[in-house]
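My plan is to write down what I looked up, entry by entry.

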Amino acid sequence: MLSEAGTNTSANRRPGSAKGANRDYRLDFFRGLALLFIFIDHIPDNTISYFTLRSFAFCDAAEVFIFISGYTAALAYGPVFDREGVAMGVARIYRRVWQLYIAHICLFMIFNAEVAYTLKFLYNPLFADELQIGDYLNNPGEAFIRVLSLQFQPSLLNILPLYIALLLVLPFLILCIRRHVLLALIPSATLWLAVNLFGWNMPGYPEGRFWYFNPFAWQFLFTIAASIGFARTQQRAWMPASPWLPRAALVFAIVAAVISMSWSVHELVNRVPEYVVLPEAWFDKTMLPPARLVSVLALAVLVGYYVPREASFLTSRAGWLVVLCGQNSLQVFCLSILLAVLANFILNLVGYGLSVQVLVNLAGLLIMIAAGMLLAWFKAGGQLPAAPRRQEVQREVA
């Protein structure tokens with residue numbers, strides 16, 4: 001059906017032409033895959049989550065999402081500073097910040113209504129506590145003010161505030177990178193190191209709570225990704241040509257995969273001993289410690305070296321559906337949050353049998369993919385964009 005939809009698509013609507021020319025579909029694919037993983041990981045006690053990235057690496061889909069977001073932000077806004085001036089570059093970035101902020105507020109209100117409605121059926125206050133929405137239901141006046149200031153972040157609603165905070169400093173970041181990449185990387189690395197040493201974080205709500213994704217720590221991953229993306233806009237190599245880098249990344253990724261899989265197996269089957277025990281602080285998601293940071297960077301290196309831009313799986317039938325999700329990431333992400341709450345509600349009512357979990361996960365994934373297709377259809381003027389042929393992608397790369 002995808003290929004049929006694209007046969008009569010005009011040239012200016014084809015993904016590989018005009019606005020989409022020279023597009024790197026790897027970014028869309030892995031961002032879409034990260035969104036699907038985020039949905040699965042957000043369902044509590046979900047057996048299917050043992051097959052997502054978190055079971056095969058020291059990082060998970062959140063790190064992938066932020067890395068790709070930083071990379072694509074530099075691709076999108078870096079050239080604007082040269083082409084239209086600094087003022088317009090700043091304006092375009094902050095316009096996007098405003099869009100994300102409005103999306104977060106709307107998502108919170110729907111999320112809150114969804115949780116409040118399900119509580120009538122579950123009669124279980126622990127459901128609200130599990131999603132960390134109880135403070136809002138008990139004191140909506142003050143809590144909503146904290147929502148507007150991004151301090152109150154219920155469970156599942158903490159990655160958009162992080163992305164907003166990172167985009168707020170993106171103009172300054174781009175200005176530094178334009179002069180010299182080290183002007184951005186050195187202060188960013190220093191702040192990340194200080195945060196991990198001294199535990200600095202942004203205050204949250206209620207009192208005593210902090211941001212789940214510490215922006216002072218996660219900005220380093222975003223800065224690294226933005227620096228790489230900006231290098232691409234300048235037609236510069238983003239990685240050294242030395243053979244040791246992909247080899248080191250591969251070794252690290254294999255070690256991380258073996259250790260992570262051993263932990264997952266131990267969680268699934270308690271009789272299997274935990275062969276490798278490492279300090280939990282090494283994998284604290286809030287602070288983005290070195291293990292998590294190096295893990296996602298190693299995966300980025302492996303994709304950059306070993307996954308060609310014209311890889312056939314990117315434009316296969318299944319791969320292209322994931323690409324469409326990645327190309328409409330904000331809407332699909334917001335939908336994934338609401339679907340995760342609905343999935344949690346259904347599993348609480350029906351039970352956590354494996355067959356039920358498979359059906360609930362599959363239904364959510366299909367809805368997300370359908371949403372990506374619908375949004376792509378709308379953007380293309382009523383025709384679903386067909387995946388570009390392999391020869392077209394090869395010409396774009398050349």
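How do the residues of the lining of the second largest pocket divide into nonpolar, polar and charged? I found 17 nonpolar, 11 polar and 8 charged residues, where Ala, Val, Leu, Ile, Met, Phe, Trp, Tyr, Cys and Pro count as nonpolar, Asp, Glu, Lys and Arg as charged, and the others, Gly among them, as polar.

Ground rules. I am reading a predicted model, in which local features need pLDDT of at least 70 and side-chain atom pairs count only at pLDDT 80 or more, while totals for chains, interfaces and linings use all residues. I number residues from 1 along each chain as its sequence is written, and side-chain values use heavy atoms, with hydrogens and water left out.

The whole chain. I looked up 17 helices and 0 strands in the protein chain, taking helices (H or I, at least four residues) and strands (E, at least two) as DSSP runs numbered from the N terminus. Of its 398 residues, 50% count as buried, meaning under 20% relative accessible area with a 1.4 Å probe, protein chains only.

The pocket. I noted that 36 residues line the second largest pocket, and that D41, H42, S155, Y212 and K285 lie nearest its centre. A pocket is an open set of points on a 1 Å grid over the protein atoms alone, where a 1.4 Å probe fits, with protein on both sides within 12 Å along at least five of seven lines, and lining residues have an atom within 4 Å of a point. I saw that α2, α3 (61–83) and α15 (329–350) each supply at least two lining residues, and that α15 gives the most, with 4 residues.

Helix α2. I read that 14 of the 17 residues of α2 are buried, so this helix is largely enclosed by the rest of the structure.

K285. I found K285 in the loop between α12 (244–268) and α13 (290–306), and at 18% relative accessibility K285 counts as buried. Its side chain is joined to that of D60 by a polar contact of 2.6 Å, that is, a pair of N or O atoms within 3.5 Å, of which, within protein, one must be able to donate a hydrogen and the other to accept it, while residues adjacent in sequence count only if both atoms are side-chain atoms.

S188. The side chains of S188 and T223 make a polar contact (3.3 Å).
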